[in-house]
Amino acid sequence: MTLKVVCYGVRENEVEYFNKLNKYNFDLTLVPELLTHENIDTAQGKDAVLLRANCKADRQNIEKMKSFGVKYLFTRTVGYSHIDLQAAAEHNLPVAYVPSYSPNAIAELALTLAMTLLRNTAHTIEKTSNNDFTVDTNMFSKEIRNCTVGMLGLGKIGLTEAKLFKGLGAKVVGYDVFQSEEAKKTVTFLELDELLSVSDIVSIHIPYIAGQNGKMINHDFLNKMKDKSILINTARGELQDNEAILEALKSGKLHGFATDVFENEEKIFFKKFDNDNTDLDFTVKELTSLYPRVLVTPHIGSYTDEALTNMIETSYLNFHEMITTGQTKNLVEISAVK
């Protein structure tokens, strides 16, 4: 029997990838929209569901999936916080994820955002786009080889970015609870406070752990940073205190800030707001108004050809292994719901 899979959040340019990588000949239904309460009926008659970040796989939708006969609830993302794991377990719906994909995707975005802020490129291009070709003092910058870059988190993504910066000539320092021998070849490990005090650029690549490090980028964290430094967060929005960052920008403590993530970003990203729309979080609106000192991208860190290919191939393999062996190594353990 051919597995019927409905895939949510499939952008127009991704359709080609979903189809050409379908070597197991699944019966695919590709839905452009994210899964919501309003479109859950599109899962009727399907054997499996494949989500992306910010899809709503809460108890209400999971109960409907089960009533529709859905057997597998998978996500093509590393994180699975958008899935109610307890409800999935209670309804005997296995959950599988993609443990990793191209680390270069997010590392390259973080590097690009950092260099854009360092060289004041957005400010300069904003002027020339308005036919103003004068040079002002805000275009002056340091060279990256004269900067120290601090990496918080030296997993695959953080280490990839560290190597990119080192290749440009920067001094790269790092902080991680686990100091791998591989990372030591590229970075000098420091205690967190020292890293913050010496880094011209701080890039975040640590996981969010509920109840432990929420809003760790707060007033105390920012006050320990070097004056006029740059902060980049392409990890998780829950790590940052937006109000504290806004204050640091307005006071001049931070030269610039870039983020690819926000807390509760499903209320923000993938939507278009009018300038006077009160539905947009006030602090987020205040941050974006500080462009070009603030750069915001709508969770596009993994939006590359290589990362997309990795996500789809792993997701398809997860389905294939489940229907042929009843297991996959990327299954989320039931213990994760406790």
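Lys-185 is exposed, with a relative accessible area of 61% (exposed means over 50%, buried under 20% and partly exposed in between, with a 1.4 Å probe and protein chains only). Its salt-bridge partner is Glu-182, with the closest N and O atoms 3.3 Å apart; a salt bridge here is a side-chain nitrogen of Lys or Arg within 4 Å of a carboxyl oxygen of Asp or Glu. Glu-182 is partly exposed, at 38%. The model is predicted, so local features need pLDDT of at least 70 and side-chain atom pairs pLDDT 80 or more, while totals for chains, interfaces and linings use all residues. Residues are numbered from 1 along each chain as its sequence is written, and side-chain values use heavy atoms, leaving out hydrogens and water.

Across the whole structure, 19 salt bridges are found. One of them joins Glu-14 to Arg-76, with 3.1 Å between the closest N and O atoms. Glu-14 lies in the loop between strand E1 (4–8) and helix H1 (15–20) and Arg-76 in the loop between strand E4 (72–75) and helix H3 (85–90), so this pair ties together parts 62 residues apart in sequence. Helices (H or I, at least four residues) and strands (E, at least two) are DSSP runs numbered from the N terminus. Both Glu-14 and Arg-76 are buried.

A further salt bridge connects Asp-47 and Lys-71, the closest N and O atoms being 3.4 Å apart. Asp-47 counts as buried at 9% relative accessibility, whereas Lys-71 counts as partly exposed at 41%.

Asp-241, in contrast, is buried yet has no salt bridge, and the nearest side chain of opposite charge, Lys-215, is 6.2 Å away (Lys and Arg count as positive, Asp and Glu as negative; His and the chain ends are not counted).
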